[in-house]
Amino acid sequence: MLLSILSWLLAVLLSLAILGIASLVLATLWIAAKGERLVPPVGKFIEIDGNRIHYVDQGEGRPIVFLHGLGAQLHHFRHTLFGRLGPGYRLIALDRPGAGYSVRASGATGRLPEQAEIVRHFIEALRLEKPLVVGHSLGGAIALTLAVEHPEAISGIALLAPLTHVEADGREKFGSLYIPSRLWRWIMSYTLAIPTSLRYARPTMEFIFAPQVLPGDYMVAGGGWLGLRPAHFYAMSSDVVAIERDLGRIEGRYGEIAMPAGILFGDADRVTRFHTQGAPMRSRIEGLDFEVVEGMGHMPQFVAPERIVAFIERVANRAFAGRTSPRPHDNFTEPFG
């Protein structure tokens, strides 16, 4: 009698667990579908080293490539800066592998040298002649890796609130994003991660934008909904785990950077903290254009776009010194995918 009651209870508990997991999976898929409906693809696709890269390509002239940060996508630049930069530039923003609508290659790790290599091959595939690379947050770390390991591919770097150094509390800082196990990372991506992220989306984004105000159109025009998808969460967690494997080695080589370089940092940044990520860079790169903005948080391209445009154009003038804008047919490339 007791055995049959225990068996019945176990069956009920198992059924409830299966029902709960199924509900989380269905909620995840529903949220992801809504995000893709509200923010559809806007650019072209190209295959790079097994990665299907989604990108936008606008204008003619001197090329500038934009690399977004952790959990972001190309709208962080397309929405904020593309309509403000003056004529004479070819502006290219890509979704990094796994982010936005870019699909990461099977077996990819997200390590900094791997991502820098993909960007280098992307530059070659589009036949861009030594572009200036603009990187925000984690995109700044990738731009720095590119400058250290592939300096011949680019003419300069302009970094916004970049990740530059390994921090002792790095794992704790990223919290639930730090998931070393690929299997557990995948399970979380399709169950708890997305519904939980949606529930806390507003306070999370308010923290990232602070002390400035979260723009009312961020989730759609800024592409925020695209972060609420399982593949995006999986790639974001992979990036977090991969950072510590290479950043310490890369930061030891900053002194080798000889190309024009600029960094703009807000002293009120709560994400990449100024005293650990910004201030140490003043003496690391010779001739560095270092601009500190008092009271600025982590998202300067959204809250001070005109200032960011002026900063990028200032670095671009140094990077492209002596170069004339290429003729339209010099920039032509036929994308595929």
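Q: What is the bridge partner of Val65 in E5?
A: Val133 is the bridge partner of Val65 in this predicted model.

Q: How do E3 and E5 pair, and over how many bridges?
A: Strand E3, residues 62–67, pairs with E5 in the parallel sense. There are 4 bridges between E3 and E5.

Q: And which way does E4 run against E3?
A: E3 and strand E4 run parallel. One example is Phe66, whose bridge partner in E4 is Ala93.

Q: Is E3 enclosed or open, and why?
A: It is largely enclosed by the rest of the structure, because 6 of the 6 residues of E3 are buried.

Q: Which residues sit on each side of E3?
A: Arg62, Ile64 and Phe66 are on one side. Pro63, Val65 and Leu67 are on the other. Both faces are covered.

Q: Which way do they point?
A: Leu132, Val134 and His136 point one way from E5. Val133 and Gly135 point the other way.

Q: What about E5 and E6, how do they pair?
A: In the parallel sense, over 5 bridges. Strand E6 spans residues 156–160. Within E6, Leu159 is the bridge partner of Gly135.

Q: Which unit do E5, H4 and E6 make?
A: A right-handed β-α-β unit. Helix H4 covers residues 138–149.

Q: What's with Ser137, where does it lie?
A: Ser137 is in the loop between E5 and H4. Its phi is near 55°, a positive value in a residue other than glycine.

Q: Why is that worth a look?
A: Most residues other than glycine have a negative phi.

Q: Is Ser137 buried or exposed?
A: Buried, with a relative accessible area of 9%.

Q: Where is Arg127?
A: Arg127 is in the loop between H3 and E5. The phi of Arg127 is also positive, near 55°. Arg127 counts as exposed, at 52% relative accessibility.

Q: Which residues does the cis peptide bond join?
A: Ala210 and Pro211, with omega about 5°. Most peptide bonds are trans. Pro211 lies in the loop between helix H8, 201–209, and helix H9, 230–251.

Q: New topic, the aromatics. How many aromatic pairs are there?
A: The count comes to 9 aromatic pairs. One of them is Tyr55 with Phe122, which is edge-to-face. Their rings are 5.3 Å apart centre to centre, with 80° between the planes.

Q: What does that pair tie together?
A: Tyr55 lies in strand E2, residues 51–58, and Phe122 in helix H3, residues 112–125, so the pair ties together parts that are 67 residues apart in sequence. Tyr55 and Phe122 are buried.

Q: How about Trp186 and Tyr190, what kind of pair is that?
A: A tilted one. The centres are 5.2 Å apart, with 40° between the planes. Trp186 is partly exposed, with a relative accessible area of 47%. Tyr190 is partly exposed too, at 26%.

Q: Which residues form one aromatic cluster?
A: Phe66, Phe77 and Phe82.

Q: Which ring does the charged end of Arg185 sit over?
A: The ring of Tyr234, 5.3 Å from its centre. Likewise, the charged end of Arg229 sits over the ring of Tyr101, at 5.1 Å from its centre.

Q: Which residues of H6 are buried?
A: In helix H6, residues 182–189, the buried residues are Arg185, Met188 and Ser189. Seen down the axis of H6, they fall within an arc of 100°, so they line one face of the helix.

Q: Why can residues three or four places apart point the same way?
A: An α-helix has 3.6 residues a turn, so residues at that spacing point the same way.

Q: Last one. Where does UniProt place the AB hydrolase-1 domain?
A: An unreviewed UniProt entry places "domain: AB hydrolase-1" at residues 63–165. Over that stretch the chain is 29% helix and 20% strand. The end C-alpha atoms are 28 Å apart.

How values were computed
Residues are numbered from 1 along each chain as its sequence is written. This is a predicted model: local features need pLDDT of at least 70, side-chain atom pairs count only at pLDDT 80 or more; totals for chains, interfaces and linings use all residues. Side-chain values use heavy atoms; hydrogens and water are left out. UniProt positions are given in the numbering used here, feature names are shortened, and annotations may be inferred rather than shown by experiment. Helices (H or I, at least four residues) and strands (E, at least two) are DSSP runs, numbered from the N terminus. Buried means under 20% relative accessible area, exposed over 50%, partly exposed in between (1.4 Å probe, protein chains only). The arc is that of the directions from the helix axis to the C-beta atoms. Two strands pair if DSSP finds at least two bridges between them. A crossover is right-handed if, with the strands pointing away from the viewer, the path from the first strand over the helix to the second runs clockwise. Rings of Phe, Tyr and Trp (its six-membered ring) pair if their centres lie within 6.5 Å; planes under 30 degrees apart count as stacked, over 60 as edge-to-face and the rest as tilted. A charge sits over a ring if NZ of Lys or CZ of Arg is within 6 Å of the ring centre and within 35 degrees of the ring normal.
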